[in-house]
Amino acid sequence: MTEKSNEQLEQRFLRTFDRLEQAPSFAKVQYQGDVYQVVLRLMNTDEGIAFLARHAGRFQQAGLFVEGPWADPSKLQPALVAGSLQAGGVSAAVEVLNELRMLALAKGKEEGEGVLSPDDAKKYLNEVMASNLHFLFPKETESERIDGSGKLSCAEKLFHYLLQEISVTQFSHALVRELDLLLAQRPILIKRILTMIEKSKSLITQEMEKKDRQALTFYIEAVDGPSPMSKRYPKLADYRKELKRASWKVMKKEAETFARVMRATGLVSRHHALFVRHCNRYEWDLLPLALQLSDKGRANLDEHFDLIHRLIKVAIHPSTHQAVYGLACLLDRGVLSSAPVIPGLNRLIELDIHAEVKAALMKPYEKEGLTPNDVLLGGVITVLGQPLGVGQGLNPTCQSARGISLWAQHAPGYLLDLIARAARDNDIDMTFEGLTIHSQRLPGGLAPSLHEDLDAVSLVLVPHLDRIYNDMMKRVALRGDDGHKWVNPAFYGDWVGRGFANVIDQLGAVSDYAGFVRLFYATHHPDYNDDHHLIYPNPVGIFITNVHGKLLGFHAVSIQRIAHDEKERTRIYFYNPNNDSNQDWGQGIVPSVRNNGEQEGEASLPFYQFVSRLYAFHYNPYEKGDAYAVEDEVVQQVEDLSRASWGENYVWQ
């Protein structure tokens, strides 16, 4: 918006607001709408939010909220703010005005007495900020992808303004909790996490609770440099010089500190990457300490000395610092023991990368002095080390992310071959029912305009995987059954079960839901499936619901394993490509990412809760127990949850 048009809007607001202010009390409602319409345009600019805030002290007395849901500020609930902002339109406009009114009240700038005390207004705003961190640090969730559509931009501007104006001590605990939960999932995509940590630097004050202050400081140091020397020498050039002069004792302390913080958070500082490069040249004996390797990891390091030396030289740089954690996990997983992996990695070092792929890979690293092969190899190391950290970003490509994760776990040689072909030829092919499908010849896909905030492997592979998966689904669209039945085994691999069940029938209704639930229990629950354990991850489809249990859409996840937690409850542990698994699905169903036996990158739910959101799954028809053995009350418990959530959108036969 130009400066002139912004001025015109401001003048228009003042005119309409003056008319409202001067109107008699019984006629205020007639003038509110004119003000709201101007606010709808003003609130989408940073200048507009600040302009409105300067006049917020007059909102209450002028009658801006009279006879509406926001009339009495003492009765407002912070939990409802997000819903109003997400609704858009007049509701969002009034909510923006309300938060600015509350800010004026908190600062003692609101005209009139007895409206709401400054302390109560501060408490309200702190609760609003704490429960709406996603507006300050936008999430890459299914809800954002499905409902976002740019509607939240005004909310983000509002909350960034509020952040500058109010104390942050009251919502610091919520920020720490959010970081804890995100880091527990060990995502490869950490841009949002780094943004949160960077912003938290300005939030730390002595007024903050000691525990929260220490936690935020720990995360900040994990990124900026946690070791004694990295704190003394924040500039990489200075740190590099000091490494050459440091004693063995000092170097050992550096290695141990870097590794401890990396393993605790999954975060790697640029100094740590530089330290690993130094050890690779001069202090090889310190590498196991710097990576905090397990016995298995040390054995892999010793066995593949030459390869690891080469990988570090090519792929580990301050700009690709997160690859250090990927390398540590790769060694601990023993990935190099898989025969095709070593030649696959060596091929990538010298690979002639296609011009278009080079451009995509180098966009985030234009001034870093790296080659496309450096970037790609760093990304490959990270994916092979953290297969459950692969994320789809802001793209509707959960199937593709799931494929990369599955192959990184169980077919790393195949994944490396796909990566090489996509990077070199800008094309891959797959066979579906005897026909070869080339990605290069296919249009569109689910993400024709790929959001490029992805890891290097996904950046290279997802456009091809997305087009092929979409093409396979088109080929089976008219078969009268869910296309995933045929596509998933062809796309992911022969280990995907040929048995398939879907809760929705050909007419779009829920048919024989009890039979669907019993079959899943008989093929997956250890109490009913005759001890047929899950060998490979199972790609399944789930209904995504919001905090109210309302249906948002469909999503692809992988069941990793099924086991008892410490309290002997049967839980389903699953991989979620959206990298933010700790979401509230309504009805008290909130996936856990820690403290219930989860491994890094896993989320989990009690068995019956997960089943209540399941809509399709694969199974081995030769490995199942007796479905009739599943008790009626077990089925009913699941069905009650389903009917009252996503089930409201369907006819039940």
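1. Helix 23 spans residues 355-362 of this predicted model, helices being DSSP runs of H or I with at least four residues, and strands runs of E with at least two, numbered from the N terminus. Val-357, Leu-361 and Met-362 are buried there, where buried means under 20% relative accessible area, exposed over 50% and partly exposed in between (1.4 Å probe, protein chains only). Viewed down the helix axis, the buried residues fall within an arc of 120°, so they line one face of helix 23; the arc is taken from the directions from the axis to the C-beta atoms. Ala-355 and Glu-356, on the other side, are exposed.

2. The cover over the buried residues of helix 23 includes helix 24 (372-385), helix 26 (412-425) and helix 27 (456-475), with contact meaning heavy atoms within 4.5 Å.

3. The whole structure has 32 aromatic pairs. Rings of Phe, Tyr and Trp (its six-membered ring) pair if their centres lie within 6.5 Å; planes under 30 degrees apart are stacked, over 60 edge-to-face and the rest tilted. Phe-543 and Phe-554 form a tilted pair, with 5.6 Å centre to centre and 45° between the planes. Phe-543 lies in strand 4 (residues 538-545) and Phe-554 in strand 5 (residues 551-564), so the pair ties together parts 11 residues apart in sequence. Phe-543 is buried at 0% relative accessible area, while Phe-554 is partly exposed at 44%.

4. On the basis of the values: residues are numbered from 1 along each chain as its sequence is written, and side-chain values use heavy atoms, without hydrogens and water. Local features need pLDDT of at least 70 and side-chain atom pairs 80 or more, whereas totals for chains, interfaces and linings use all residues.
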